[in-house]
Amino acid sequence: MFDKPQKSYTDLLGKTNRIVEGTTIEGNISSQADFRLDGHLVGNFTSTGRLVIGPAGSVTGDVICKTADIEGKFNGKIDVTDILNIRSKASIKGEATVGKLSVEPGADFSASCVMRNTIKNSNSHGGSEEKSA
């Protein structure tokens, strides 16, 4: 009577894909889930979730995702709708289009960067809401 629907195996694991160190992929990756890359990708990556490029990871190509944390190497165009976090050991070359940008001291950020416009409006309840322009 009160049976809960069974969650899929990927829901139970938190929907994170992982490419481990020592793996090289040549081609494009498209994923609905979060993705951690500790290996190497030569190609394009598209996701509606988060991309994490670990300290040993690298991407050469174009990336489109919601959020990204980069500790490794990136060379290409990256389009992040929310926040791009660049860690202190990261190396970024190319072009970045982001909603928000966070760069730790020590990071190599040799890229052109375009910030998306966000407009803060006060609503009638005393709070604020953000809208993309």
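This is a predicted model: local features need pLDDT of at least 70, side-chain atom pairs count only at pLDDT 80 or more; totals for chains, interfaces and linings use all residues.
Local features need pLDDT of at least 70, side-chain atom pairs count only at pLDDT 80 or more, and totals for chains, interfaces and linings use all residues. Residues are numbered from 1 along each chain as its sequence is written, and side-chain values use heavy atoms, with hydrogens and water left out.

**Core**

The largest nonpolar core holds 23 residues. Such a core is a set of buried Ala, Val, Leu, Ile, Met, Phe, Trp, Tyr and Cys residues joined through side-chain atoms within 4.5 Å. Buried means under 20% relative accessible area, exposed over 50%, and partly exposed in between (1.4 Å probe, protein chains only). Phe45, Val63, Ile70, Phe74, Ile78 and Leu84 touch the most other members. Two or more residues each come from β4 (34-37), β7 (50-53), β9 (63-65), β10 (67-70), β11 (73-86) and β12 (91-103). Strand β11 gives the largest share, five residues. Strands (E, at least two residues) are DSSP runs, as are helices (H or I, at least four), numbered from the N terminus.

What does Ile78 contact, leaving aside neighbours within four places in sequence? Its partners are Val63, Ala68, Ile70, Leu84, Glu95, Ala96 and Thr97. Contact here means heavy atoms within 4.5 Å.

**Ser47**

Ser47 sits in strand β6 (residues 45-47). This serine is buried, at 7% relative accessible area. A polar atom of its side chain lies 3.0 Å from the backbone oxygen of Ala33. The Ser47 side chain also reaches the backbone nitrogen of Gly49 at 2.9 Å. Polar contacts are pairs of N or O atoms within 3.5 Å; within protein, one must be able to donate a hydrogen and the other to accept it, and residues adjacent in sequence count only if both atoms are side-chain atoms. Beyond four places in sequence, Ser47 contacts Ser31, Gln32, Ala33, Ile64, Cys65 and Lys66.

**Salt bridges**

Side chains of opposite charge can pair when their charged atoms come close. The whole structure has seven salt bridges. The criterion is a side-chain nitrogen of Lys or Arg within 4 Å of a carboxyl oxygen of Asp or Glu. The table lists some of them.

| Pair | N to O distance |
|---|---|
| Arg50 and Asp69 | 2.9 Å |
| Arg87 and Asp69 | 3.4 Å |
| Lys93 and Asp108 | 2.9 Å |

Arg50 in strand β7 and Asp69 in strand β10 are 19 residues apart. Arg87 lies in the loop between β11 and β12, 18 residues from Asp69. Asp69 is buried, at 10% relative accessibility. Arg50 is partly exposed at 32%, and Arg87 is partly exposed at 28%. Arg50, Asp69, Arg87 and Glu104 are linked in a network of salt bridges.

Lys93 pairs with Asp108. Lys93 is in strand β12 and Asp108 in strand β13, so the pair ties together parts that are 15 residues apart in sequence. Lys93 is partly exposed at 35%, and Asp108 is partly exposed at 30%.

**Surface patch**

Leu101, Val103 and Met115 make a nonpolar surface patch of about 220 Å². Patch residues have over 30% relative accessible area and no salt bridge; like charges are joined within 9 Å, nonpolar side chains (Val, Leu, Ile, Met, Phe, Trp, Tyr) within 5 Å. Accessible areas come from the Shrake-Rupley method with a 1.4 Å probe; for residues, only the protein chains shown count as cover. Met115 lies in strand β13 (residues 108-115). Met115 is partly exposed, with a relative accessible area of 42%.
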